[in-house]
Amino acid sequence: METTREKKTEQSKTNTIKISGAEAIIHCLLAEGVDLIYGYPGGAIMPVYDELYKFQDKLTHILTRHEQGATHAAQGFARVTGKVGVAMATSGPGATNLVTGLADAQIDSTPMICITGQVPRHLLGSDAFQETDIIGISTPVTKWNYQITHAAEIPEIIAKAFYIAKSGRPGPVLIDITKNAQFEEFDFSYKPCTRIRSYNPVPKPDVKAIDIAASLINAAKKPFIVYGQGVILGQAEEQLKALVEKAGIPAAWTILGLSAMDTEHPLNVGMVGMHGNYGPNVLTNECDLLIAIGMRFDDRVTGSLETYAKQAKIIHFEIDPAEINKNVKVDIGVLGNAKETLELLLPKVKENSHEEWHNLFKEKHEIEFDTVIKNDLFPNKSGLTMGEVIEEINLASKNKAVIVTDVGQHQMVACRYAKFNQTKSNITSGGLGTMGFALPAAIGAKMGAMDREVVAIIGDGGYQMTIQELGVIFQHQVPVKIVVLNNDHLGMVRQWQELFFEKRYASTVMVNPDFVKIAEGYHIKSKRVSERNDLKATIQEMMASKEPYFLEVKVEKEDNVFPMIPSGASVSDIRLK
C-alpha cells in the first residue's frame, strides 16, 4: 500500500524539471509575471542571455546603451505601472554601473530587481577578470541583496527578491549569480514568496492612534495636509481625496506626491519645498495641525528643522516605522498602509470647511501669481521661459500626459506647473536628484503605458549624461516625446552661483552640440524652437505625432526659479525674487 509520504514525494517529482540555473532564472521571472527586462550582456551573465534568446516569444529584452540606462528604464516602468522593474548586467563594471539606479530607487522607494552575473564560485575573492564585490558595494543602496553560488538557491532567492521589492515600502533588490550557478543543473520548481520570518512589511494599524488623529483633526482650526508618494504606492488616492473633501483641509504635494490628487482640485493648494509654492510653505508655520501622509520630511521640504511647524501638532501617516520621528518629532504616528489607515480614519472625521483658513492660501497664491507665476507662464519679454513650455504641453495633452523630468531648473518648473488629472503621471528623481534619469526613465514609462502620452522634460546638461539611449528609441521605435529646455548652462547650479557665489559661474557654462542633428542621426523626427510664435503649433504637432519626436526649445539663459527657500533657511523665509 502506498503511504502518504510516498504520494507526496511522487507529486513533488512531477512538479519539478531538471534545468540549468540560467534557464531557472527565466522560469522564475515568467512565474512572477515579468515580460520586459532592460539590460546589457557580458561574459559573466552570458548563460542567462543565451536562455533569453530561447524565450524571446515570452520575455522581451531591451538592450540599453548603458547599464545605468537599464536601471532608470526599469524605474520608469515601475513608477508608471506599479509593477517591479527588472534590469540585468554582467559582473564588474556592468554591475557597478547599476549602482546609481539602485541608489535612486532606494531613496525614492521604487520596486526594482537587478540581476548581475558574477565570476565562478571558485574564483571569488581572487581579483579575477571583471570581479567586483557588488554585494558589498550595493548593500547601502538596496532594500536587500544576495549572492547565489549554487543553482539550487535560485528559485527561493528570486521569489524572496520579488516579495521584498514590492511589499511594504518598496525598494530595489540586487541578486548576484556566479557563473557556475548559471551552468549547474538541478530539479527546478517555483513557489512565490508570501511571507518571510521576522519581516513585517505592513504594520498593523493602531486603532487608538487613529482615534487620537481623528480627535486632533476635528479640533483643528487651521489643519494642513502634506502628502507624498506613499499615497500613490499605497493606492490611497481616493481615500486622500475623500479626507480632504470631507474635512475641508487644504492639501499640498511633495515632489513625489504630485499627481496623487488632481492638480486642479480646489483644495489642492500647490507644492511644498525649496521651489514650492509660496502659500503652502509660509502657512506650514501658521497651521495648528500638520497632517503628513506618506512623506518623509525630507530636508528640501522642511528647510530648517529648528523652525519647521513648531507651533503645530503633527500627525504622521507612514508605512515605515523608521521614518516616524526620524527628522521631525510628531505628536502621533499612525503606522500602516495609507489606504487602510485613511479608510479607518474617514468615518471618525467630522465634515468641515475651514473657509477663513482657505482664504489665506488664496491670498498667498495671488501674491505669488503677481510676482512669479504671471512672468513664468505669460512673459512680456522676447525670450522663451520654461514655464510657458510646460503650460503649452498641459494644453496640448489636456493634463493627461505622463511627465518624466530630469534634475535641475526644468524639473522644479515642471513640478510647479505641470497639470495632472491621473495618478502615476509625475516621474522624476526625487531624493537622489540623478541627472541623466529622464531619457531612459521615459523609455521605461512609455513601454509600461503605451496607451498614454509620455513626455520627457530635460535640461541640456542632464540630457547629455544618457543621450546614448536615443539608440533604444530608434531601435524599438518607442514613441516617447523628448523636450530639451536648452539654456546653455547647468541652470540650477548657475542660479546658486548667481545668488550665493557673487556670479562666479565656475564650470556651469555649456558649449552644446547640435541636438537636432544628433536626434536626426537616430532617425527621430526633430525640431528646434526659439521664437514664441512657433511654440504652440510645434508642441501640438509633437503631441499629435504617433512616432518618437525630439524638440529643442531655446529658453532664456539666466532665468531663475522662484519662489526659493535658501538652503538651511526656514520655510517662512521663502524668497519670491
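Predicted model: local features only at pLDDT ≥ 70, side-chain atom pairs only at ≥ 80, totals over all residues.
Residues are numbered from 1 along each chain as its sequence is written, and side-chain values use heavy atoms, with hydrogens and water left out.

Biologist: Are H2 and H3 parallel or oblique to each other?

Modeller: Helices here are DSSP runs of H or I with at least four residues, and strands are runs of E with at least two, numbered from the N terminus. Helix H2 (residues 21-31) packs with helix H3 (residues 46-54) at about 55 degrees. Angles run from 0 to 180 degrees between N-to-C directions, with axes fitted to C-alpha atoms, for helices over the stretch in contact. Under 35 degrees counts as roughly parallel, over 145 as roughly antiparallel, 65 to 115 as roughly perpendicular and the rest as oblique, so H2 and H3 are oblique.

Biologist: Is Lys191 buried or exposed?

Modeller: Lys191 sits in the loop between strand S8 (185-188) and helix H10 (207-219). Buried means under 20% relative accessible area, exposed over 50%, and partly exposed in between, using a 1.4 Å probe and protein chains only. Lys191 has 70% relative accessibility, so Lys191 counts as exposed.

Biologist: In S17, which residue is the bridge partner of Val404?

Modeller: Val404 belongs to strand S15 (residues 402-405) and is buried. Two strands pair if DSSP finds at least two bridges between them; S15 and strand S17 (residues 454-459) run parallel and are joined by 4 bridges. In S17, the partner of Val404 is Ala456.
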